[in-house]
Amino acid sequence: MTTTPQPLLRVRDLAMSFPGRRARSAPVRAVDGVSFDVAAGETLGLVGESGCGKSTTGRMIVRLLEPTAGSVTYDGRDISHLSQRELKPLRKELQMVFQDPHSSLNPRQTVARIISDPLMVQGSSAADARKRTAELMELVGLIPEHIDRYPHEFSGGQAQRIGIARSLATGPRLVVADEPVSALDVSVQAQIVNLMGRLQQELGLAYLFIAHDLSVVKRVCDRVAVMYLGRIVEIGPKERVYAAPAHPYTRALLSAVPLPDPAAERARERITLLGDPPSPAAPPPGCSFHPRCPKAQAICRTEAPPLRVATPGETRQVACHFPEAA
Amino acid sequence: MTDTQPLLSVRDLTVTFPTKRGPVRAVDSLAFEVRPGRTLGIVGESGSGKSVTSLAVMGLHSGAEVGGSIVFDGQELVGLGERALNRLRGRRMAMIFQDPLSSLHPYYTVGEQIAEHHRVHFGSGRAVARRRAVDALAEVGIPEPERRAGEYPHQFSGGMRQRVMIAMALACEPDLLIADEPTTALDVTVQAQILELIARLQEERGLAVIMITHDLGVVARVAHEVLVMYGGRAAEQAAVDDLFARPSHPYTRGLLDSLPRLDDSDDEPLRAIPGSPPSLLTPSPGCAFAARCAVAAAGSDEERARCETERPPLDGPAGHPVACHFPAYEGIAS
């Protein structure tokens with residue numbers, strides 16, 4: 001965690017338990033004590049496999065969900081338990097971009113309506129909102145003349161641009177982007193990745209970029225947090241985490257990503273994990289990664305390792321009893 | 001290496017769907033071969049025709065018009081009757097899909113579904129078929145196969161379900177396995193397991209595999225030969241090392257350039273391909289990629305007009321077949 005005087009976003013011991021499917025079954029701890037900061041203008045990548053709690057974390061930060069424990073502090077103010085009415089002025093600054101552009105846009109509304117809605121909610125006049133919408137369309141690379149078209153008239157990449165324009169309408173400082181490119185065709189992903197980079201530079205946005213694709217996250221983020229079963233197992237500057245992963249899970253995850261280079265693929269040593277990620281309804285005792293971990297020892301089965309600095313002088317933190325030496 | 005006879009040989013394959021807005025040609029003049037023990041990777045994006053191609057090979061297009069020739073182990077499949085196809089499908093060629101849950105019947109146990117397969121194709125008795133189902137589950141690395149055979153699909157995780165699909169596909173010991181985005185819905189650590197499993201089974205049995213994917217990383221890992229498709233046609237065909245060392249079609253080059261990768265520096269912005277994949281409803285008379293192509297855009301007016309109006313033939317001055325009027329050769333590249 002960086003210790004900037006006051007980060008834009010401060011998340012501490014955040015947790016979310018969902019009730020179990022049956023009356024007497026144990027609650028599912030989707031997120032179990034997550035802490036990190038995001039500085040203004042910075043991108044934190046949040047990576048992990050399905051069910052690790054990364055999307056739930058994002059949804060708590062924009063308060064689509066109310067956390068069951070812990071706190072979300074935005075710009076110095078604890079927003080974890082604010083009411084919808086108290087949240088309304090903050091919605092301007094905290095926005096979200098979703099994975100599937102088509103299902104997150106109302107098919108019966110025109111682009112004009114979709115993008116200007118947040119503006120009208122915040123009190124703009126109809127004429128101002130329309131003018132601003134045309135500007136936003138231009139900003140994200142859409143043709144402003146298409147303002148009265150419907151979402152189905154746009155391709156997937158263009159629809160995602162609409163989603164991004166909508167999130168930018170009220171001039172946010174933090175955008176939580178949940179898998180913003182994973183539903184797009186490969187040849188279109190780069191357009192959106194570049195667009196998000198350009199917008200960050202021009203508007204000074206901070207991103208929480210949630211994704212399962214480690215190559216995309218490496219491209220966009222300054223720091224990266226790796227989640228496993230509701231917890232952060234490693235967090236630090238991108239250069240360190242990608243070049244010298246310290247947690248065995250991070251190492252396995254990186255080594256599993258196929259490289260578009262046949263010679264490198266043949267030469268590569270892969271760490272293949274056994275089994276699937278366990279269910280968050282019944283997490284293993286101790287370190288929750290131990291059943292799949294190639295280096296697990298006795299202590300790993302009984303004691304959960306805290307997230308701590310493993311290499312003196314580094315900001316990177318690892319939750320492992322036996323981290324890789326850097 | 002490639003002196004064995006091809007198991008599957010496809011020539012001039014076209015697949016046309018009748019629609020309200022007129023016929024749509026989803027696959028156009030495609031040709032490829034697959035040999036025993038080898039993997040052909042078919043790469044493409046949405047609408048490229050990659051999945052339609054695989055369904056055509058399996059004879060699974062009701063309503064579509066399939067033209068050209070598909071020869072499997074010496075037998076022509078185009079125009080073959082359902083009964084004859086049924087003897088091949090599942091028995092000598094099998095297919096696995098992206099979403100295993102929707103390909104498995106929710107009401108029957110996994111063991112029953114694999115066993116039924118065996119009984120239909122081999123006429124084996126219940127006990128034998130069940131024994132074979134348990135063996136098949138063990139072979140794809142499912143722990144406690146005896147117990148798991150009695151469970152239902154929803155009781156399996158995504159990765160385990162895909163193993164069940166593979167067990168079912170391979171229970172009758174087919175010669176050809178078509179895998180259509182088999183790992184796209186899976187997590188990356190589970191993807192690695194499934195790709196390793198397919199590679200091991202291929203080695204043990206000399207399976208021919210068609211791996212359909214949008215992921216160039218997966219292709220680099222598993223394929224021997226690669227077919228890059230765009231807008232229903234072949235854009236480029238090459239041995240895997242050749243393709244990655246000398247990508248010659250502007251689309252292939254564009255894809256490789258636009259890919260964020262773990263093994264590069266992040267200093268420069270990605271070189272994105274502008275625009276989106278084309279609609280098959282309004283096909284271009286020329287090259288399907290012309291509207292997005294950097295080479296066409298940089299050409300003279302005449303050159304650009306040629307790309308837009310004249311379909312480039314698939315031929316090989318670049319060393320392997322490329323469908324482009326102005327392919328990039330090694331040395332002349334960008």
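How do strand 7 and strand 8 of chain A pair, and over how many bridges? Strand 7 (residues 174–178) of chain A runs parallel to strand 8 of chain A, with five bridges between them. Two strands pair if DSSP finds at least two bridges between them. Helices (H or I, at least four residues) and strands (E, at least two) are DSSP runs, numbered from the N terminus.

This is a predicted model: local features need pLDDT of at least 70, side-chain atom pairs count only at pLDDT 80 or more, and totals for chains, interfaces and linings use all residues. Residues are numbered from 1 along each chain as its sequence is written, while chains are lettered from A and ligands numbered from 1 in the order in which they are written.

**Strand 8 of chain A**

- Val175(A) has Tyr207(A) as its bridge partner in strand 8 of chain A.
- From strand 7 of chain A, the chain passes through helix 6 (residues 186–203) of chain A to strand 8 of chain A, in a right-handed β-α-β crossover. Right-handed is defined with the strands pointing away from the viewer: the path from the first strand over the helix to the second runs clockwise.
- Strand 3 (residues 43–47) of chain A also pairs with strand 8 of chain A, parallel and over five bridges. Here Leu46(A) stands opposite Ile210(A).
- Six of the six residues of strand 8 (residues 206–211) of chain A are buried, so this strand is largely enclosed by the rest of the structure.

**The nonpolar core**

- The largest nonpolar core has 189 residues. Such a core is a set of buried Ala, Val, Leu, Ile, Met, Phe, Trp, Tyr and Cys residues joined through C-beta atoms within 7 Å.
- Phe209(A) is among the residues that touch the most other members, as are Ala165(A), Val226(A), Ile232(A) and Ala167(B).
- Helix 7 (residues 158–170) of chain B gives this core its largest share, eight residues.

**A second sheet in chain A**

- Four strands of chain A form an open antiparallel sheet in the order 2-1-4-5.
- Strand 2 (28–38) and strand 5 (77–78) of chain A are the edges, each pairing on one side only.
- Strand 4 (residues 69–74) and strand 5 of chain A pair over two bridges. Tyr74(A) stands opposite Arg77(A).

Technical notes. Buried ≥ 20, exposed ≤ 12 C-beta atoms within 10 Å, placed from the backbone.
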